[in-house]
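My entries follow the order in which I looked things up.

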Amino acid sequence: MIVQMKKGSTKREYEKLIEFLKSKKLDIMDASSDEVRVFGIIGDTTSIDPSDLYAFEGVKEVTRVSTPFKKASRSFKKSDTIIKIGNDIEIGGDQFVMMAGPCSVESEEQLRIIAKAVKKAGATLLRGGAYKPRTSPYAFQGLELEGLKLLRKIGDEVGLKIVTEIPSADLLPLFEEYVDVIQVGARNMQNFHLMKALGKSTKPILLKRGLSATIEEWLMSAEYIMAGGNEQVILCERGIRTYEKYTRNTLDISAVLAVKELSHLPVIIDPSHAAGRWNMIEKLSLASLAVGSHGLIVEVHHDPEHALSDGAQSLKLPKFAAMMDELEKVAVVLGKKLR
Ligand code: PEP
Ligand code: MN
């Protein structure tokens, strides 16, 4: 972090700030000249917010030169983090991991039909919401605990690991019992109380990017989980809110590249909540593979017209299988293992 003092600021103002920084166990490298008083702050600056330094009189400008996140940062750990799920699934390496299933768990029969089909097509994780964060309180809210139990039952029966969204920290013991990967929904990405609780979890966390979150804010949420002791964080780009209304959200495909530069954590894409339209999913999935995403989470339904949520963006079973065949062609060229 570099601090420049105002022209005409006093020696006392400068000394007060230096005293404060030294009390935080930081070192100072002075680079002042006759013209300008400027210095660098050396050490772990993650505990200070640059904007707080403007509270000190005489401060003209504070500039960050390192990231505010540490454990999630590529400069902290150079090699890619690979997260294991069960014996066979590895996210962050050469596998292109496919997570697929309905938006919501609706019934045992529905989940079984979809799970069998996505397994046959080559998916390795079954997705499905049991606790649904709906925009309207009158919309289907999910089967809750029954949904978790169904996911576990069908996942085991069909041979798929399961990923599902946790709505609040008090449900963590249940999720520890039933779930393989705990999903944090976009709306909860900055629920720091939940992030702290997940820091104590033993399960990998699929951290969706918030609706309007910057990449830095998203990585700060990952940092919360990691700082709590759980380093198994998988990032998920799911589209961000922009002025464009044609699609549900705008898929920020460059976020994959940005995250891979800034962090060692794996990153996957959710094209379903990004596009909001089933007919765009295949092409966005191919683009995700090409850009270097470590996998996908895709909504699939046997009867989207009658789905209780997100039917418009859900792929029918044959369309999902056909998409897997298309992905396979590109995966081979890129040296990625799809199935
Ligand atoms: C979901 O995956 O079911 C979901 C609600 O997604 P998001 O949190 O990205 O909106
Ligand atoms: Mn959905």
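**Disulfides.** I searched the whole structure and found 0 disulfides, a disulfide being a pair of cysteine sulfur atoms within 2.5 Å. I then checked burial, where buried means under 20% relative accessible area, exposed over 50%, and partly exposed in between (1.4 Å probe, protein chains only). C103 is buried at 3%. C236 is buried too, at 0%.

**Ground rules.** This is a predicted model, so I note that local features need pLDDT of at least 70, side-chain atom pairs count only at pLDDT 80 or more, and totals for chains, interfaces and linings use all residues. Residues are numbered from 1 along each chain as its sequence is written, chains are lettered from A and ligands numbered from 1 in the order in which they are written, and side-chain values use heavy atoms, with hydrogens and water left out.

**Ligand 1.** Which residues surround ligand 1? I list R127, K132, E165, Q183, G185, A186, R187, K208, R238 and H273, each with a heavy atom within 4 Å. By class this shell holds 1 nonpolar, 3 polar and 6 charged residues. Here Ala, Val, Leu, Ile, Met, Phe, Trp, Tyr, Cys and Pro count as nonpolar, Asp, Glu, Lys and Arg as charged, and the others, Gly among them, as polar.

Next I took distances to oxygen atoms of the ligand. A side-chain N or O atom of K132 lies 3.0 Å from an oxygen of ligand 1. For Q183 the corresponding distance is 2.9 Å. A polar side-chain atom of K208 is 2.9 Å from a ligand oxygen. The protein covers 96% of the 290 Å² of accessible area that ligand 1 has on its own (Shrake-Rupley method, 1.4 Å probe).

**Overall layout.** I read two domains from an automatic or database assignment: domain 1 (2-63) and domain 2 (83-334). Their C-alpha centres lie 43 Å apart. The C-alpha trace spans about 75 × 45 × 40 Å along its principal axes. I have 10 helices and 14 strands for the protein; these are DSSP runs, helices H or I of at least four residues and strands E of at least two, numbered from the N terminus. Of the 339 residues, 52% are buried.

**L334.** I found L334 in helix α10 (residues 317-334). Is L334 buried or partly exposed? L334 is partly exposed, at 42% relative accessible area. Its C-alpha is 17 Å from that of V267, 67 residues away along the chain.

Notes:
Polar contact = N/O pair within 3.5 Å; in protein donor to acceptor, adjacent residues only side chain to side chain.
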